[in-house]
Amino acid sequence: MSDKKMNFFARSSKNQKTFRPKKSARSGSKGAQLKKHIDNTLGQGDLREAVRLPPGEDLNEWLAVNTVDFFNNVNMLYGTLIEFCTPATCKTMSAGPKYEYRWADGVKVKKPIEVSAPKYVEYLMDWIEAQLDDETIFPQHFGVSFPPNFRDVVKTILKRLFRVYAHIYHSHFQMVVKLKEEAHLNTCFKHFTLFTVEFGLIDGAELAPLSELIETIKAGQ
């Protein structure tokens, strides 16, 4: 892990506003091996290589390990901004004036409701944690089969995590710069973007709020 990344996590760990406890990778040697592969390739600064499915590995295993990683990254990033993202400052969950997100989980909240950005993120992280902790969706032990709709579950999780990135960039980027966290934010988002593009996990229309940044990332600039 780079010194810059270590310094970021050191600051975040001191911040009582860290949003959620970090989720661990799936149990068993395979999950640990895949997580180590991700960390090694990221440590070498090769994000494009880091997102590729390692030869001979199961795609669902790869999706699962990376989804947990992305959840942890967004939690850490948003956790440093909680005091600046409040119901008063961010009355709606938005990504600029054109894009507003309403919350629904299809179970407890079936009809989308308008909520503040922090409440949306709270609902979202509760919902994702429930998915990650459900062993019928994310099996906790290597060798246990994933459900047939696993890819669709991952797509929904990543689509909604993208909305947190979009909100941070549109509403809090100046504060991110002030906190000297822009390099880490940009690296995390680049990794997230390259992964979702590699496996076609987020529809183009959903990416519109950050389309220019995404095109720059895809072009390798």
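Confidence is the starting point. The protein has an average pLDDT of 85, and 80% of the residues score at least 70. Residues 1–18 have a pLDDT below 50, although this stretch still has 25 contacts in the model beyond near neighbours in sequence. Where pLDDT is low, the predicted coordinates should not be read in detail.

The packing of helices comes next. Two packed helices are described by the angle between their axes and the distance between the axes. Helix α6 spans residues 150–171 and helix α8 spans residues 182–198; their axes come within 12 Å and cross at roughly 145°. The crossing of α6 past α8 is left-handed. On the α6 side, the contact is formed by L158, L161, F162, Y165, I168 and Y169, while α8 contributes L185, N186, C188, F189, F192 and T196. Of the residues in this contact, 10 are nonpolar, two are polar and none is charged. C188, one of the α8 residues in the contact, is buried, with a relative accessible area of 5%.

The cysteines raise a further point. A disulfide is a covalent bond between the sulfur atoms of two cysteines. How many disulfides does a search of the whole structure find? The search finds zero. For C85, the closest cysteine sulfur belongs to C90 and lies 3.8 Å away, which is too far for a bond, because a disulfide requires the two sulfur atoms to be within 2.5 Å. C85 is itself buried, with a relative accessible area of 2%.

Conventions
Residues numbered from 1 in each chain as written. Predicted model: local features only at pLDDT ≥ 70, side-chain atom pairs only at ≥ 80, totals over all residues. Heavy atoms only, no water. Buried < 20%, exposed > 50% of the residue type's maximum accessible area, 1.4 Å probe, protein only. pLDDT = per-residue confidence, 0-100. Contact = heavy atoms within 4.5 Å. Axes fitted to C-alpha atoms, helices over the stretch in contact; angles between N-to-C directions. Helix = DSSP H or I, 4+ residues; strand = E, 2+ residues; numbered from the N terminus. Left-handed = near helix turned anticlockwise from the far one by under 90°. Nonpolar A, V, L, I, M, F, W, Y, C, P; charged D, E, K, R; others polar.
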